[in-house]
Amino acid sequence: MTTGSDQSGAPAPEPSAAARSPGPRGATGTHGVTASKAAEEKEGHQGFWTLTVGSVGVVYGDIGTSPLYAMRESLLHLGHAPSVEEVIGITSLLIWALILIVTFKYVLILLKADNHGEGGTLSLMALAQEALGRRSLPLVALGVVGAALFYGDSIITPAVSVLSATEGLKVASPAFEHYVLPLTIAIIVGLYAMQSFGTAKVATFFGPVTVIWFLTLGALGLVHIFDAPVALSALNPWHALWFLIEHKFLGFVVLGATFLAVTGAEALYADMGHFGRGPIRTAWLGLVLPALVLNYLGQAGLAISNPAAIKDLFFLMAPEWGRLALVLFACLATVIASQAVISGAYSLTRQAMQLGLLPHLEVQHTSETQHGQIYMPKVNWLMLAGVLLLVMTFKTSSNLAAAYGIAVMGTMIVSTLMATLVIAKHWKFGWPLAIAMMSPVLVVDFTFLGANLLKLPDGGYIPLLFGACIVVLMWTWIRGVNFVESRIQREAIPLKEFAKSMSTSSATRVKGTAMYLTSSPEITPPALLHNLKHNKVLHERNVILSVHTTNQPTIDDRERIQLNRVSEDFATLEVRYGFMEDPNLPRALAQAKERGLPFDMMKTSFFVGRRSYRASASVGMPLWQDHLFIGLVRQSFDVTEYFRIPAGRVVELGNQMVV
């Protein structure tokens, strides 16, 4: 699937696939030719460990806050004081969920399914479509659902994480109870307010702070294992199976709570492009997994030796003199976890925009050196409103935990289904082997989904409702853009015919170059026809400029542009970008100049159609969807700013269309 931009700057899905980059994405920096081999190896070694520490802060921030509530909620779901066997069974469920879902599915399998080094739901969707060799509507639908559910997760994570941390104040001192909710709101508002300043400097501390957090988790757990050494038997998966068999439906209910231990696992795959599979795997196997397992075993030891501690299990692991410090540290850890989800929502939105699933929204770069550090004002404030609504509605982390899990599980199932296709077709393993590999994962995924669906009456509908709204928005955008494009195609004049007719035209010619932005380079742009009709002039050089987004994350500069001569006066110029890149037309046009296109920015006019829409019940989509599509168009970022075209060189020509 590729996407282009129409005259209003709206992306439009197109059926044909763009050319692929000849090689994998490379690093931007190189070692000096005189550097010794030993120096290069040392630099690479240091870079690997820097990335590993960085991945701990960004990739594992979310899953690292799960011990705050996962064990507590799982034990409380029993509805009675747990026996020793029940504590061990639940702990075994938590540990083996980490091993099966995170280690087996994500670390061992999905990290290999990279799209030119990038991961994530939409990246996997693009890879699956490449494997099929054609655009697939079911795959697009899966990608849309996966992305929509991620947005549901992105508003629940900050709410439940920050709330669970600030509730520790009640454990440190009951006098703080009335300050929990106001402090939670203040932290969340401050977190979203700081996004516009960028997180480059703060992110430098994320990795080291989170490393200390995981070491703290491991140390607390190690101390309390000795409260009841029998807790170590939870490492045997038989205790997890015994619990489910013995408790039947109640075990199924508890399973929905134990899933809280793996929320955040999707970040392993989504952030692969930032850190690489090696550092992510090393961080998980070397630090994160051991620390989490030790902490859950320690919580089990404390729960067995002191059942009264279950309601505040995590914070009571710390000695009384250190509880307030642990609460403050937990607040910092949840801010880091929330930051990772917020940044992920920005990245996902940018990918969705580039793939034609959402309108172009404003993207601000907050770092001159880190391309991935962006800020999206509209997305930021909508997320803040959603998080605050959740906090003020549910008020406690236990209530919010009921809404947590369904969105994450839905996203995981989507990734499993698409990964099966990639293994079968892209890796050429064949369907029997792919199904054999992924069937156990699917069984586990659907089992957890069924358990989480029991939470629907208690708030589980929240992420589904939010996700459904996102699906409707994406569906409306895709459908509306397709309708507009088909109307243009039906009424259009082929460019070759128009160029031929202009060779004998008496229209006045003016000096300079005119560039007409369009998503369909084979037809005459409406802006060109309007210019000729109303101004009675034609430039001596006319370039039909189209911008396309491909299924791969980045495009090699050698494949960036394609220039074709139509006639003496007309040419088409196609500029390609990966779905992780931001368009920069002046830079691309400088490349085109090297390829033989006469180009001088001060002698070039960019013609952009400014299309307005009028809803009609008798044309196109239902009336409600017409109004929604028109509203989305109005939210679109200005096309000239999006493509970084100098405003003084732009000529806008308007027309109206009924949809």
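Among contacts in this protein between residues at least 6 apart in sequence, 82% join residues at least 24 apart, a contact being heavy atoms within 4.5 Å. What you see is a predicted model, in which local features need pLDDT of at least 70 and side-chain atom pairs count only at pLDDT 80 or more, while totals for chains, interfaces and linings use all residues. Residues are numbered from 1 along each chain as its sequence is written, and side-chain values use heavy atoms, with hydrogens and water left out.

Let me turn to the overall form. The secondary structure comprises 23 helices and 10 strands; these are DSSP runs numbered from the N terminus, helices being H or I of at least four residues and strands E of at least two. The radius of gyration is 27 Å, close to the 26 Å that the globule rule gives for 659 residues, so the protein is as compact as a globular protein of that length. That radius is taken over C-alpha atoms, and the rule is 2.2 Å times the number of residues to the power 0.38. Along its principal axes, the C-alpha trace spans about 95 × 70 × 55 Å.

Of the 659 residues, 57% are buried, where buried means under 20% relative accessible area, exposed over 50%, and partly exposed in between, with a 1.4 Å probe and protein chains only. The accessible surface comes to about 26,600 Å², and 64% of that belongs to carbon and sulfur atoms. Accessible areas come from the Shrake-Rupley method with a 1.4 Å probe; for residues, only the protein chains shown count as cover.

Next, the salt bridges. The structure holds 9 of them, each defined as a side-chain nitrogen of Lys or Arg within 4 Å of a carboxyl oxygen of Asp or Glu. Which parts of the chain does the pair of Arg350 and Asp582 link? Arg350 and Asp582 form a salt bridge with their closest N and O atoms 3.0 Å apart. Arg350 sits in helix H13 (residues 323–354), and Asp582 in the loop between strand S8 (570–577) and helix H21 (585–594), 232 residues apart. Both Arg350 and Asp582 are buried.

A second bridge joins Asp569 and Arg509, at 2.9 Å from N to O. Asp569 lies in the loop between strand S7 (561–565) and S8, and Arg509 in strand S5 (residues 508–517), so this pair ties together parts 60 residues apart in sequence. Asp569 counts as buried at 18% relative accessibility, whereas Arg509, at 34%, is partly exposed.

Asp557 and Arg560 make a further salt bridge, with closest N and O atoms 3.3 Å apart. Salt bridges that share partners join Asp557, Arg560 and Glu581 into one network. Arg560 is buried because its relative accessibility is 6%; Asp557, with 46%, is partly exposed.

As for the strands themselves, S7 and S8 pair in the antiparallel sense over 5 bridges, pairing requiring at least two DSSP bridges between two strands. A hairpin through 4 residues connects S7 to S8, and Leu563 has Leu573 in S8 as its bridge partner.

Finally, the surface. Leu453, Leu456, Tyr461, Leu464 and Leu465 form a nonpolar patch with about 420 Å² of accessible area together. Patches are made of residues with over 30% relative accessible area and no salt bridge, like charges being joined within 9 Å and nonpolar side chains (Val, Leu, Ile, Met, Phe, Trp, Tyr) within 5 Å. Helix H18 (residues 461–491) gives the most to the nonpolar patch, with 3 residues. Leu464 is located in helix H18 and, at 32% relative accessibility, counts as partly exposed.
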